[in-house]
Amino acid sequence: MSKMLLRIVCMTGAALLAGTWAAPGYAQQANVLSIDALANIIIANNPERRFYAQQIGLAGAERDASDRLPDPEVAFEFGERRMADGLTGAPRGAGPTYGVSIMQPLDLAGRGALRRAIADRQIALARIGLAQFDAALTSRARSLGYALFAAEQKAVAARDVAVRMRALARIVEQRDPAGVASALDAAILDASAITAERNAALADSEASTISYELNQLRGVSLKTRIRIAPPVVTLPGLPSAERMAQQAGANNFEIRALRAQLQQQGLRVDLAQTARIPNVSVGPYVNHARSDSRETNFGVRLTTTLPIWNSQAAGVAQELSRQSQGEAAMIAANRRVTRQVYEQAAYYETKRRVLATWPATATEKFASAAATADNSYRQGAIPVATYVEMQRQYLDALSALLDTRREAMEAMLQLRALNGGRSFQGVSQ
């Protein structure tokens, strides 16, 4: 009897060790992080975020150069001057002539102020883009963090169930080696263990995939292992969908960006209309000629355009058309965001109501029941069918609890994203 117990202990230990080394999450020492800490690290170290931060600097440089005067224009003239007698027409002399002028275009139509206002809107758009990227990155980090935690919990539970079933199958084989019932019970346990091991392998694969994406978001090596500390998932009550839609209409990143673009386009329309105002350039000039005498002329030259043909009308019409397109895009975005708020709010409330009917300690309750079933079967108090069904239901219930919480959390994250990364006012705990 002691040899049989020793054999069971050794096999159980070997199975645990094999399961431990088979799990990618335990291949090396892993850093344990909370979901909040993970999101902060990703925001601080994400390599793609630098691009959006640089766009603000580029927009600032564009604004600094927007209201500067155009560069002056220099004109050179070279030729020949011939003098003739006014009465006889006889040549009196010839010689070279040259001239130079510097013309500075002036902004008398306020185009510089309009260009600067357009550049200011570009800075606002760059900042909105950075804020939107941060919010999306935070939401993705939190979603992946909880998904990693859930996958690890599923893998651990399935692996524990498989180990118990393998150990019990060996015990059953030793009870009555020649009996058909014992052989069938052992086969049932081995088959169920295979299913549990497959579930553990799938959960390990999912955890590895999530870890790779998180490592890329953090800008570290893909081989770096992390684990998520057990999160505290709170599911607050939401205000009415109408109120959330109103808040999202004011805070949504896409709508804010379209609003800034529409204001920017209105300025572009004004800028196109100023093209009808003549352009004016002013600057000094000097001409020098030499034939039978030397002559030098100098002064100030003023040039302007004559808007006779109204060639600027096409540009104005094009900018007005783009403004109309922007207004249509704004209407479509408002309708789409409102619909998405209603959809996500309904989805979230459905998951929240379901979770509210389940006990908070459901995971611990079913894990304890699975362990009790293991002890009861060892003592012969329950049949193998009840034992296997209890283990299966434990894994299914654990997956249902973790997946439903993840779905509710992702719906809340989607609602925050629709509201510009902010919590809705009027949210209750």
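## Terms and basis of the model

Ala, Val, Leu, Ile, Met, Phe, Trp, Tyr, Cys and Pro count here as nonpolar, Asp, Glu, Lys and Arg as charged, and the others, Gly among them, as polar. The model is predicted, with local features needing pLDDT of at least 70 and side-chain atom pairs counting only at pLDDT 80 or more, while totals for chains, interfaces and linings use all residues. Residues are numbered from 1 along each chain as its sequence is written, and side-chain values use heavy atoms, with hydrogens and water left out.

## The two pockets

A pocket is an open set of points on a 1 Å grid over the protein atoms alone, where a 1.4 Å probe fits and protein lies on both sides within 12 Å along at least five of seven lines; its lining residues have an atom within 4 Å of a point. The largest pocket has a volume of about 490 Å³, the volume being the space filled by probe spheres set on the points, which are joined across faces, edges and corners. Of its 21 lining residues, Arg142, Val232, Thr234, Met409 and Met412 are the closest to the centre. Helix 10 gives the largest share of this lining, four residues, and the lining as a whole divides into 14 nonpolar, four polar and three charged residues.

The second largest pocket has a volume of about 420 Å³, and among its 19 lining residues the closest to the centre are Val233, Pro359, Ala360, Thr363 and Arg405. Here too helix 10 supplies the largest share, four residues, and the lining consists of 14 nonpolar, two polar and three charged residues.

Helices (H or I, at least four residues) and strands (E, at least two) are DSSP runs, numbered from the N terminus.

## The nonpolar cores

A nonpolar core is a set of buried Ala, Val, Leu, Ile, Met, Phe, Trp, Tyr and Cys residues joined through side-chain atoms within 4.5 Å. In the largest one, of 47 residues, Leu189, Leu214 and Tyr387 touch the most other members, and helix 4 provides the largest share, 19 residues.

Technical notes. Buried means under 20% relative accessible area, exposed over 50%, partly exposed in between (1.4 Å probe, protein chains only).
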